[in-house]
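Reader: Hi! Could you walk me through this one, a bit at a time?

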Amino acid sequence: MLQSLPAVVGADGTFSKVRGALAHAMNPHASQGRMQAMVDAMTLSDLIPDCLRDGDCSAERLRACEAARRPHVTLLQRLADQQVFYWNTGNPGVAFLRDRVFRTLNRNARLRYQVLSTTAGLQMTEPFTLLDRVIAAGFLPDFRAGHRPAIPQNGGS
């Protein structure tokens, strides 16, 4: 199949196959490289038949896929960067807060669900509001700690 895909010629004259159109380099702490590659493949699988039918597999045509995927990939990268910062910190104050958050997440189903569902791609927004961050750090109680929201039916968007 890959050999039969049309070439894409970029505005700068570069030449590539469709298979490289959405390659997202991911921070390994996101644990998302393989998952995002699969989502990219699914996104392209919706577009490629139309491109082939219309005879237009130009870079411009593929930009719509990139534009659609970029916000979620950027969110996951940002979350991974935050994880690296907190996990690898040498700052005792930051480490203290990190450990408090881990303890809170262990007992708070709502916050734990928000983190896991975002990482799994079920939500396309930041997992924590400012208030959630204060609660996760253990500075305020969470009266909804046992509540887990329903899984969005449309992938979170």
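**Around Asn108**

Author: Happy to. The side chain of Asn108 makes a polar contact with the side chain of Asp142, at 2.9 Å (N or O atoms within 3.5 Å, one able to donate a hydrogen and the other to accept it; residues adjacent in sequence count only if both atoms are side-chain atoms). Before we go on, this is a predicted model, where local features need pLDDT of at least 70 and side-chain atom pairs pLDDT 80 or more, while totals for chains, interfaces and linings use all residues. Residues are numbered from 1 along each chain as its sequence is written, and side-chain values use heavy atoms, without hydrogens and water.

Reader: Thanks! Is Asn108 buried or exposed?

Author: Asn108 is buried, with a relative accessible area of 4% (buried is under 20%, exposed over 50%, partly exposed in between, with a 1.4 Å probe and protein chains only).

Reader: And where does Asn108 lie?

Author: In the loop between helix 3 (92-107) and helix 4 (109-119). Helices here are DSSP runs of H or I with at least four residues, strands are E runs of at least two, and both are numbered from the N terminus. Leaving aside residues up to four places away in sequence, Asn108 touches Ile135, Asp142 and Ala145 (heavy atoms within 4.5 Å).

Reader: Zooming out, how many helices and strands does the chain come to?

Author: Five helices and two strands, running β-β-α-α-α-α-α from the N terminus on. Of the 157 residues, 32% count as buried. Among contacts between residues at least 6 apart in sequence, 61% join residues at least 24 apart.

Reader: New topic: how many aromatic pairs are there in the whole structure?

Author: A search finds two (ring centres of Phe, Tyr and the six-membered ring of Trp within 6.5 Å; planes under 30 degrees apart are stacked, over 60 edge-to-face, the rest tilted). Phe85 and Tyr86 form an edge-to-face pair, 5.0 Å centre to centre with 75 degrees between the planes. Phe85 is partly exposed at 46% relative accessible area, and Tyr86 is partly exposed at 36%. Phe85 belongs to helix 2 (residues 59-87).

Reader: Nice. Which ring does the charged end of Arg98 sit over?

Author: That of Trp87, 5.9 Å from its centre (NZ of Lys or CZ of Arg within 6 Å of the ring centre and within 35 degrees of the ring normal). The charged end of Arg100 sits over the ring of Phe139, 4.7 Å from its centre.

Reader: What volume does the largest pocket have?

Author: About 780 Å³. A pocket here is an open set of points on a 1 Å grid over the protein atoms alone, where a 1.4 Å probe fits, with protein on both sides within 12 Å along at least five of seven lines; lining residues have an atom within 4 Å of a point. The volume is the space filled by probe spheres set on the points, which are joined across faces, edges and corners. Of the 26 lining residues, the closest to the pocket centre are Gln83, Tyr86, Val101, Leu105 and Phe128.

Reader: Which helix gives the largest share of the lining?

Author: Helix 2, with seven residues. Helix 2, helix 3, helix 4 and helix 5 (130-136) each supply at least two.
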